[in-house]
Amino acid sequence: MNRLLRPLLLLPLLVLPAEALGNPPVPVPREKVTLRCTDSYFKASRDNFLLADETYPTCTLRLPLALTQRWPGARTFFLIPRVSATLYAKDARGQGQWLPLAPLVNPGPDPLHRAVSAAGYEAVELSARLGKLTDAAGERTPDTVSAGGKLTVCAAPVPRNVAPCTTFDIAARFKVYRRG
């Protein structure tokens, strides 16, 4: 085989998610996932709940994953999120519907790719701008915000016989309250 074509044949292996390579996704326990949103008017933080009438320009989903235990030593972690926030809203008859809110992405200049040193790692943080939930719900009543999807984490360098990437399955829900 031509030496120039061989690297091109390996390219699909580099861009596939970890589950496509035979590694099943690792579920993240819901109680470990936290959501912190700061409203635009009072600058008050809401931890693991939201208020329907507030506007949230900054929300952070925090995932304290055991990356340094999975890949000990001096490593760099590469974070590739495929996570989104959705809103469950009910109409006057109590019928509900899931509505898209925003993707949860890496903070910084490149929202889809981020490198983190193992030395400074504490938790994975993904951010989103959720806006005003009553606006997103339209004529419906906001009830629950869900954060879900997959986060692929790769480490480098890794020793032989150690999987370089793992995909984490994220699913968490947060209650939306109304004033009064």
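# Contacts that hold strands side by side

The side chains of Asp169 and Lys150 meet in a salt bridge, with 3.5 Å from N to O. A salt bridge here is a side-chain nitrogen of Lys or Arg within 4 Å of a carboxyl oxygen of Asp or Glu. This pair links distant parts of the chain: Asp169 sits in strand 13 and Lys150 in strand 12, 19 residues apart. Strands (E, at least two residues) and helices (H or I, at least four) are DSSP runs numbered from the N terminus. Asp169 has a relative accessible area of 32%, so Asp169 is partly exposed. Lys150 is also partly exposed, with a value of 24%. Buried means under 20% relative accessible area, exposed over 50%, and partly exposed in between, with a 1.4 Å probe and protein chains only.

The model is predicted: local features need pLDDT of at least 70, side-chain atom pairs count only at pLDDT 80 or more, and totals for chains, interfaces and linings use all residues. Residues are numbered from 1 along each chain as its sequence is written, and side-chain values use heavy atoms, with hydrogens and water left out.

How many salt bridges does the structure hold? The count is 10. One of them joins Glu125 to Arg62, whose closest N and O atoms are 2.8 Å apart. Glu125 lies in strand 10 and Arg62 in strand 6; the two are 63 residues apart, so this pair links distant parts of the chain. Glu125 counts as partly exposed at 30% relative accessibility. Arg62 is partly exposed at 30% as well. Another bridge pairs Asp91 with Arg140, at 4.0 Å from N to O. Asp91 lies in the loop between strand 7 and strand 8 (96-104), and Arg140 in the loop between helix 3 (133-137) and strand 12, so the pair ties together parts that are 49 residues apart in sequence. Arg140 is partly exposed at 26% relative accessibility.

Next come the disulfides. A disulfide is a pair of cysteine sulfur atoms within 2.5 Å. A search of the whole structure finds two. Cys37 is joined to Cys59, with an S to S distance of 2.1 Å. The torsion about this S-S bond is about 120°, so the disulfide is right-handed.

Cys154 lies in strand 12 and Cys165 in strand 13 (residues 165-177), so the bond ties together parts that are 11 residues apart in sequence. Cys154 is buried, and so is Cys165. Counting bonded cysteines along the chain, the disulfides follow the pattern 1-2, 3-4.

Now turn to the aromatic rings. A pair of aromatic rings is described by the distance of the centres and the angle of the planes. Rings of Phe, Tyr and Trp (its six-membered ring) pair if their centres lie within 6.5 Å; planes under 30 degrees apart count as stacked, over 60 as edge-to-face and the rest as tilted. By this rule there are five aromatic pairs. The rings of Trp71 and Phe77 have centres 6.0 Å apart and planes at 40°, so the pair is tilted. Trp71 is buried at 2% relative accessibility, and Phe77 is buried at 0%. The rings of Phe77 and Tyr121 have centres 5.7 Å apart and planes at 70°, so that pair is edge-to-face. Phe77 is in strand 7 (residues 76-90), whereas Tyr121 is in the loop between strand 9 (114-117) and strand 10 (124-128), 44 residues apart. Tyr121 counts as buried at 12% relative accessibility. Trp71, Phe77 and Tyr121 form one aromatic cluster.

On a 1 Å grid over the protein atoms alone, a cavity is a set of points where a 1.4 Å probe fits but cannot get out; lining residues have an atom within 4 Å of a point. Grid points are joined across faces, edges and corners, and a volume is the space filled by probe spheres set on the points. The largest cavity has a volume of about 30 Å³. Leu35, Ala85, Leu104, Leu130, Val145, Ser146 and Ala147 line this cavity. Strand 12 (residues 141-156) gives the largest share of the lining, three residues. By class, the lining has six nonpolar, one polar and no charged residues. Ala, Val, Leu, Ile, Met, Phe, Trp, Tyr, Cys and Pro count as nonpolar, Asp, Glu, Lys and Arg as charged, and the others, Gly among them, as polar.

Technical notes
On a 1 Å grid over the protein atoms alone, a cavity is a set of points where a 1.4 Å probe fits but cannot get out, and a pocket is an open set with protein on both sides within 12 Å along at least five of seven lines; lining residues have an atom within 4 Å of a point.
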